[in-house]
Amino acid sequence: MSPSNLPRYVDPRQHAGDAAPLTGRYVLADLRRVVAASVAAEGEVGFSLRFHEESARWFAEGRVRATLSIACQRCLEPYQLVVDRAIRLAFVADTDEASRVPDTYDPWILDDGRVLLRDLIEDELLLAIPDIPRHPDNTCVAPSSSNGSARASDGALAESAASPFAVLASLKKGPDPENPKENAD
Ligand SMILES: [Zn+2]
C-alpha cells in the first residue's frame, strides 16, 4: 500500500488472524522524528505487520526496512545505515500492563484501543538507530588519533570497547582511580 492508502489508525483486534500481512510504506521525509535524527531523509520505509491474539492480548510481528543517512559521531560525516529490523510488539492499555508483557515482545501502549500506524513504524525505525551512530570501523574517515577513547584512563579503557557511553562518562568525569564505576551519569 502506498502512503496515501494506509489507514491512520489500526485496531489490532480487527486484524488478528488476517490472511495477509498489513504492508505499506511511508516517505521518510514525512516522518518528522526520523528527519530530525537523519542527515538527509530520502527514500521510503517499508513495513509488514501480522497481528494475532493470545490469551486476550494482541500482538504484532513483522519487519521494517529502510536506508537512513545518519551522521557518524566519530567523524561527523554521514553514512548509510541499512535498517532491517524485526518488529515484535505486545499491545497494552497502560504502563502497568506494559511491565507484564513477555520478554520477547516490546510493549506498545494503545491509544483508545487503536494504533497510530505511522507512529509505530517511525518508532521502530528510530529504535534501529544506535545511541551513538558510527561508521563501521574500517570505513570511518576520522583519524584514529582523534578517536578520543585513547585519552580515557586505563581502567575505563578496558570497558570502552563494549560501551561508548562509558567512554563519554569517563571523559566527562576525568580519571578517578578511587571510583572506577563505569556507568556513572
Ligand atoms: Zn565516521
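The model is predicted, so please keep the confidence values in mind when we reach them.

I'll start with the overall make-up. The protein has 6 helices and 7 strands. Read from the N terminus, the order of elements is β-α-β-α-β-β-β-α-β-β-α-α-α. Of the 185 residues in the protein, 21% are buried. As for contacts between residues at least 6 apart in sequence, 47% of them join residues at least 24 apart.

Now to strand 5, which covers residues 78–92. Which sense does its pairing with strand 4 take, parallel or antiparallel? Strand 4, residues 57–71, pairs with strand 5 in the antiparallel sense, over 14 bridges. Within that pairing, alanine 66 is opposite valine 83 of strand 5. The two strands form a hairpin, with 6 residues between them. In the turn, leucine 76 has a positive phi of about 70°.

Strand 5 also pairs with strand 6, residues 106–109. Here the strands run parallel and are joined by 4 bridges. In this pairing, leucine 89 has aspartate 106 in strand 6 as its bridge partner.

Last, confidence. The mean pLDDT of the protein is 82, and 75% of the residues reach 70 or more. Residues 146–162 have a pLDDT below 50, and the model gives this stretch 25 contacts beyond near neighbours in sequence. Over residues 174–184 pLDDT also stays under 50. Where pLDDT is low, predicted coordinates should not be read in detail.

Terms used:
Residues are numbered from 1 along each chain as its sequence is written. This is a predicted model: local features need pLDDT of at least 70, side-chain atom pairs count only at pLDDT 80 or more; totals for chains, interfaces and linings use all residues. Two strands pair if DSSP finds at least two bridges between them. A residue is buried if 20 or more other C-beta atoms lie within 10 Å of its own, exposed if 12 or fewer, and partly exposed in between; C-beta atoms are placed from the backbone. Two residues are in contact if their C-beta atoms, placed from the backbone, lie within 7 Å. pLDDT is the predictor's confidence in each residue, from 0 to 100.
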